[in-house]
Amino acid sequence: QKGYASVLWTAHDDNDDELRYAVYFRGENQRDWLLLKDNLDQKFYSWDATTMPDGAYYLKIVASDSTSNPPDAALKTERESERFEIDNTPPVIQKLEGSATGMNADRSKGVSYDFQFTATDTTSGIEKAQYSVDGGEWIMLAPVKGISDSKSESYSFTVRGMAPGEHTIAVRAYDHFDNVGAAKTTITVEGVKK
């Protein structure tokens, strides 16, 4: 589910003692572990990741058999996760601009406009971008360089056959975590002189 993160682990006790788990986290540049959840009896945990700032993190799972043993005989073990990222912030759309590129040879077919914009995300790469004209269906765009593989991508596209009047062009971009950033611009196509 969007906005949530989950962790799943396996554990076994040779004596079949009941195990309880604690989940800790720390940021990539932090030293101290912070308790996320304690006293779990299941081997998974999901939490609202929107409460954590964007960035890289590690988890630590601590397993204990203290509920089945006296305090001086209880055992603990722990395991750390690999690095993972949390990204709750959508990409930012910048420099959405359009310019008329000329009249079609058949004036009744309207005017063509070129548009360009940049999508930037501070944490993860841009996954895809789309545009829509006057609330119509979303049309997929390829970045100018051909492949979406970085945190900033430039896009350009042409809309042909725009009739006289006001038109709204909307664009949106998704990052690797499905956060969506959007922007729009409005243009006015002048009437065709006879």
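Let's begin at Y57, which counts as buried at 7% relative accessibility (buried means under 20% relative accessible area, exposed over 50%, partly exposed in between, with a 1.4 Å probe and protein chains only). Keep in mind that this is a predicted model, in which local features need pLDDT of at least 70, side-chain atom pairs count only at pLDDT 80 or more, and totals for chains, interfaces and linings use all residues. Residues are numbered from 1 along each chain as its sequence is written, and side-chain values use heavy atoms, leaving out hydrogens and water.

A search of the whole structure turns up eight aromatic pairs. Rings of Phe, Tyr and Trp (its six-membered ring) pair if their centres lie within 6.5 Å; planes under 30 degrees apart count as stacked, over 60 as edge-to-face and the rest as tilted. Y57 and F25 form a tilted pair, 6.1 Å centre to centre with 55° between the planes. F25 lies in strand 2 (residues 20-27) and Y57 in strand 5 (residues 55-64), so the pair ties together parts that are 32 residues apart in sequence. Strands here are DSSP runs (E, at least two residues), numbered from the N terminus. F25, at 15% relative accessibility, also counts as buried.

Another pair joins Y113 and F115: their ring centres are 6.0 Å apart and their planes are at 25°, so this pair is stacked. Both Y113 and F115 are buried, and together with Y131 and F157 they form one aromatic cluster.

Y131 leads us on to strand 13, where it stands opposite V171. Strand 10 (residues 126-133) and strand 13 run antiparallel and are joined by seven bridges; two strands pair if DSSP finds at least two bridges between them. Strand 13 also pairs with strand 14 in the antiparallel sense, over ten bridges, and T168 stands opposite T186 in strand 14. These two strands form a hairpin with four residues between them, and D178 in the turn has a positive phi of about 65°.

In the loop between strand 13 (165-175) and strand 14 (180-189) you will also find H176, which counts as partly exposed at 45% relative accessibility. Leaving aside neighbours within four places in sequence, H176 is in contact (heavy atoms within 4.5 Å) with S124, G125, I126 and E127.
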